[in-house]
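Here's a quick walk through one model, from a strand and its partners out to a core, a sheet and a pocket. Have the viewer open as you read.

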Amino acid sequence: MARCLRVLFLAAILTSVPFAFASDTVLAKANYPEGPLWYHQKLYYGEMVRDRVTISTDLKTTATFWEMPGCGPVSIAPYRQQELLVLCHMAHKVVRVSMAGATIRVIDRDSGGLPIVHPNDSDADDKGGVYFTASGEFHPSAPATGAVLYLDRDGKVRRLADGIRYANGIAVDLKNRRVFVSEHLNRRVLAFPLLDDGSLGRRIVFFDFVAIKHTPRFQLDALAGPDGL
């Protein structure tokens with residue numbers, strides 16, 4: 001009865017209030033667009049197969065902001081309040097880029113000397129640093145080699161977590177002091193406590209798509225799972 005009353009109440013509201021719906025607007029055709037970033041009143045996004053980052057200053061026209069052969073850019077994040085960090089998924093590198101679109105530094109290993117394998121998604125914190133994922137290989141039988149890394153404002157790359165089955169999307173929740181990570185191939189979202197020194201605490205499963213009751217299971221593809229956050 002309570003559910004029926006809620007439905008009737010919602011229906012009454014919807015029929016009594018006029019709504020204006022905005023239509024989608026196509027800004028530009030893009031080749032495999034990834035990682036949009038709205039920053040300082042400008043839109044940036046990667047075009048993965050064109051190895052470039054595109055910019056729009058007016059949401060009407062676009063231009064090439066930065067490019068690097070073989071990069072495969074998938075994510076862009078503010079870094080040190082005066083740079084951008086571009087993740088080159090295909091080149092296994094992260095690149096510091098000036099706000100004028102010039103390459104400052106190319107990073108392909110963490111501070112311990114381990115390679116950065118398929119960097120995937122990124123999100124900035126409030127200290128001038130960037131948290132990002134290195135996904136590992138995208139295959140149903142691939143080992144859990146995904147990781148979470150942190151590039152601090154001094155240029156040091158720390159590996160904070162590993163053993164993730166394809167670490168995909170990442171989101172920093174500063175208010176609640178935690179970091180979310182999509183564990184794509186395990187079809188779940190992980191949550192890590194964000195500690196005072198910027199490191200991550202013990203992971204928990206925040207959301208498990210497979211455990212959802214009364215909903216269809218993922219049956220479309222063996223590789224289906226949570227992507228961006």
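## A strand covered on both faces

In this predicted model, β10 is covered on both of its faces: V130, F132 and A134 on one side, and Y131 and T133 on the other, are all buried. Buried here means under 20% relative accessible area, with exposed over 50% and partly exposed in between, using a 1.4 Å probe and protein chains only. Strands are DSSP runs of E with at least two residues, numbered from the N terminus. With 5 of its 5 residues buried, β10 is largely enclosed by the rest of the structure.

Some bookkeeping: residues are numbered from 1 along each chain as its sequence is written, and side-chain values use heavy atoms, leaving out hydrogens and water. Since the model is predicted, local features need pLDDT of at least 70 and side-chain atom pairs count only at pLDDT 80 or more, while totals for chains, interfaces and linings use all residues.

## Who β10 pairs with

Two strands pair if DSSP finds at least two bridges between them. β9 and β10 pair antiparallel over 4 bridges, with A124 bridging to V130 in β10.

## The core

What touches the most other members in the largest nonpolar core? Of its 17 residues, that's L85, V94, I116, F132, L149 and L151. Such a core is a set of buried Ala, Val, Leu, Ile, Met, Phe, Trp, Tyr and Cys residues joined through side-chain atoms within 4.5 Å.

## The open sheet

4 strands form an open antiparallel sheet in the order β5-β6-β7-β8. β5 and β8 (103-107) sit at the edges with a single partner strand each, so one side of each has no neighbour in the sheet. Inside this sheet, β6 and β7 (residues 93-98) pair over 6 bridges, and L87 has V94 in β7 as its bridge partner.

## The pocket

The largest pocket is lined by 19 residues, with E34, V74, N120, N168 and D227 nearest its centre. β1 (33-39), β9 (119-124) and β13 (167-173) each give two or more residues to the lining, and β9 gives the most, with 4.

Definitions and conventions: On a 1 Å grid over the protein atoms alone, a cavity is a set of points where a 1.4 Å probe fits but cannot get out, and a pocket is an open set with protein on both sides within 12 Å along at least five of seven lines; lining residues have an atom within 4 Å of a point.
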